[in-house]
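Please open the model in your viewer and keep the sequence panel beside it.

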Amino acid sequence: QVQLVESGGGLVQAGGSLRLSCVASGSIISVTAMGWYRQALGKKREWVADISSSGSTNYVDSVKGRFTISMDNAKNTVYLQMDALKPEDTALYYCAAGVVEKGMGSRDYWGQGTQVTVSS
């Protein structure tokens, strides 16, 4: 089994910053990619950013230039540095990972989410 645990969410004023972290643990052989999604109240889950094990990154247009995703391969940890936050960034942020697991092959896993609230 593999577990993803997010941390770093909270309440911040517009224009402020937060740094989210997500650690993958368990029977992991390798992590192929990690990413962040978010779901605002009453809306569908939205992809935010992802990063491959080689360091290639992608972002949704609404966060380009404000958010930075990074990964520590040795620690199976992904980070999301969020700057210049806006009220519309308020959501439950989920971590996701593509994992090659011992005896199971490649599977996708999700964390439980961490709440980010940006006040105006």
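What percentage of the contacts in the chain with a separation of 6 or more is accounted for by residues 24 or more positions apart? The share is 55%, where contact means heavy atoms within 4.5 Å. Before going further, note that this is a predicted model, in which local features need pLDDT of at least 70 and side-chain atom pairs count only at pLDDT 80 or more, while totals for chains, interfaces and linings use all residues. Residues are numbered from 1 along each chain as its sequence is written, and side-chain values use heavy atoms, with hydrogens and water left out.

Along the principal axes, the C-alpha atoms fill a box of roughly 50 × 25 × 20 Å. Of the 120 residues, 41% are buried, that is, under 20% relative accessible area with a 1.4 Å probe, protein chains only.

Next, select β1, β3, β8 and β7, which in that order form an open sheet of four strands with antiparallel pairing; two strands pair if DSSP finds at least two bridges between them. At the edges lie β1 (2-7) and β7 (67-72), each of which pairs on one side only. On average, neighbouring strands of this sheet are turned by 15° against each other, direction ignored, with axes fitted to C-alpha atoms and angles running from 0 to 180 degrees between N-to-C directions. Zoom in on β3 and β8 (residues 77-82), which run antiparallel and are joined by six bridges, and show the side chains of L20 and, opposite it in β8, L80.

Finally, select C22 and C95, which a disulfide (cysteine sulfur atoms within 2.5 Å) joins with an S to S distance of 2.1 Å. This pair links distant parts of the chain, since C22 is in strand β3 (residues 18-26) and C95 in strand β9 (residues 91-101), 73 residues apart. The torsion about the S-S bond is about -80°, so the disulfide is left-handed. C22 is buried at a relative accessible area of 0%, and C95 is buried at 0% as well. A search of the whole structure finds one disulfide.

How values were computed. Helices (H or I, at least four residues) and strands (E, at least two) are DSSP runs, numbered from the N terminus. Buried means under 20% relative accessible area, exposed over 50%, partly exposed in between (1.4 Å probe, protein chains only).
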